Amino acid sequence: MSRFLSVVSVQNARDTLTFLARKTADKSVLLGDSLGLILRKDILSDCDIPGFNRSSVDGYAVCASDTVGAGESIPIMLTLIGRVGMGEEPSDPITPGTCMYIPTGGFLPPGADAVAMIEYCEEMGEEVLISKPMAVGENIVFKGEDFSTTNPALKAGTKISSRDMGVLAACGAQEVIVASPPRVAIISTGNEIIPVHETPKAGQIRDVNTYLCTGFIVECGGTPIIIGTIPDEREALETAIQDAVQKADIVLISGGSSKGERDMCADIIAARGEVLIHGIALSPGKPTIIGKIDGKPIIGLPGHPASAYIVLIALVRDLLYAMTGQIRSPVKLSGILSSSVPSAKGREDYIRIIQDGDIITPVFGKSGLTNTLVMSDGFLCIPADIEGYEKNTRIFAEPWSFE
């Protein structure tokens, strides 16, 4: 293994995985089944929404020029010429000096260019007193202002949320074209790994990474396939990897990526395919393996859960997004560092952080401590070309939760 732990940059590793990414197939799903899936095509409404100019408040349709100078002490007076019924298109126009009552969502009468909110109006028989000046277009939703037949309401790559489902319904999308979720096989290795329901004895640990990876894959829009826990036996691991490659688009192998006598993962990948990278300038996560078998990405994750999760965040997420076309829109946390954060130049450091108001506190924990994932709010990525940040520096971090 000539490339064993010959580290490459994180960006090099991302580029390698992106090159391996195969777009998943398109599929058509009913609107009710679309939650969490990735749109493959832009969505345009089948009609302008709204289909007419309408009021956004209860009030009176007016000519804005009639309300110039109106105030509480000197209201203007307009003649009430009718009322707009819901679902009705008014035929009588608004002319200077007149107004018409209109409910929220009502069809704006011709000639009106503003709506005075009912809170600023007082109806007195056939007259209405208005105590606030209106600007042209105030309290009006214009035809096609919400969604139109020419501008996409949702773009390809959008992960469909409950809010997006409402938009799809408004646009008349009974069915949508989405990306088939990538199938991701998960193999957990190690003689010391035991099932979750068992109590660990000396030298044993529960199978954390299978469930850590499973949840992450679902969050990223993939479908996890649990292959199982495999002992450190070459034949068993070879069989598991072969099974995983047949069933999935991506294979994650937890453990077995540190140099040592029991490290067979890289050898098996090389024998059946190719090891592209073994060692990334990433902390934690340096001993990560990236290879391919039958053109499919095979990723050997560190055994420590916190280290494995950083690799999922730094590399696997982008691979999944590339396969589905999902748009990545990271949310950033901003704050002032409560203490200095050192970093070795030449590697990308991921530091867990806690945010309290405008203060961000680094969480310095050992990579094997899973509690740092739940005791922190997110992570700070320190680029490879700098040597950390000084105390009181304003930095931008990323929360654990993402869409």
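This is a predicted model: local features need pLDDT of at least 70, side-chain atom pairs count only at pLDDT 80 or more; totals for chains, interfaces and linings use all residues.
A residue counts as buried when its relative accessible area is under 20%, and by that criterion strand β5, residues 98-102, is mostly covered, with five of its five residues buried.

- Strands of a sheet pair through backbone hydrogen bonds, in either a parallel or an antiparallel sense.
- Strand β3, which covers residues 59-62, runs antiparallel to β5 and is joined to β5 by three bridges, with Tyr60 standing opposite Tyr101 of β5.
- Strand β4, residues 76-83, pairs with β5 in the parallel sense, likewise over three bridges, and here Leu80 stands opposite Cys99 of β5.

**The six-stranded open sheet**

- Six strands, taken in the order β14-β11-β15-β19-β18-β16, form an open sheet in which the pairing is mixed.
- Because β14 (223-230) and β16 (274-278) stand at the edges with a single partner strand each, one side of each is left without a neighbour in the sheet.
- From one strand to the next, the twist in this sheet averages 20°.
- Within the sheet, β11 and strand β15 (residues 250-254) run parallel and are joined by five bridges, and the bridge partner of Ala185 in β15 is Val251.

**Helices lying across the strands**

- Helix α5, made up of residues 265-272, lies across β15, β16, β18 (289-293) and β19 (296-301), and runs at about 30° to β18.
- Helix α6, made up of residues 305-324, lies across β11, β15, β18 and β19, and runs at about 170° to β19.

**Ser180 in its loop**

- Ser180 is placed in the loop between β10 (175-179) and β11 (183-189), the latter being one of the strands of the open sheet.
- The relative accessible area of Ser180 is 18%, and Ser180 is therefore classed as buried, since the cut-off for that class is under 20%.
- Once its neighbours within four places in sequence are left aside, Ser180 is in contact with Thr24, Ala25, Asp26, Lys27 and Thr324, and Thr324 belongs to helix α6, whose residues are 305-324.

Definitions and conventions:
Residues are numbered from 1 along each chain as its sequence is written. Side-chain values use heavy atoms; hydrogens and water are left out. Helices (H or I, at least four residues) and strands (E, at least two) are DSSP runs, numbered from the N terminus. Buried means under 20% relative accessible area, exposed over 50%, partly exposed in between (1.4 Å probe, protein chains only). Contact means heavy atoms within 4.5 Å. Two strands pair if DSSP finds at least two bridges between them. Axes are lines fitted to C-alpha atoms, for helices over the stretch in contact, and angles run from 0 to 180 degrees between N-to-C directions.
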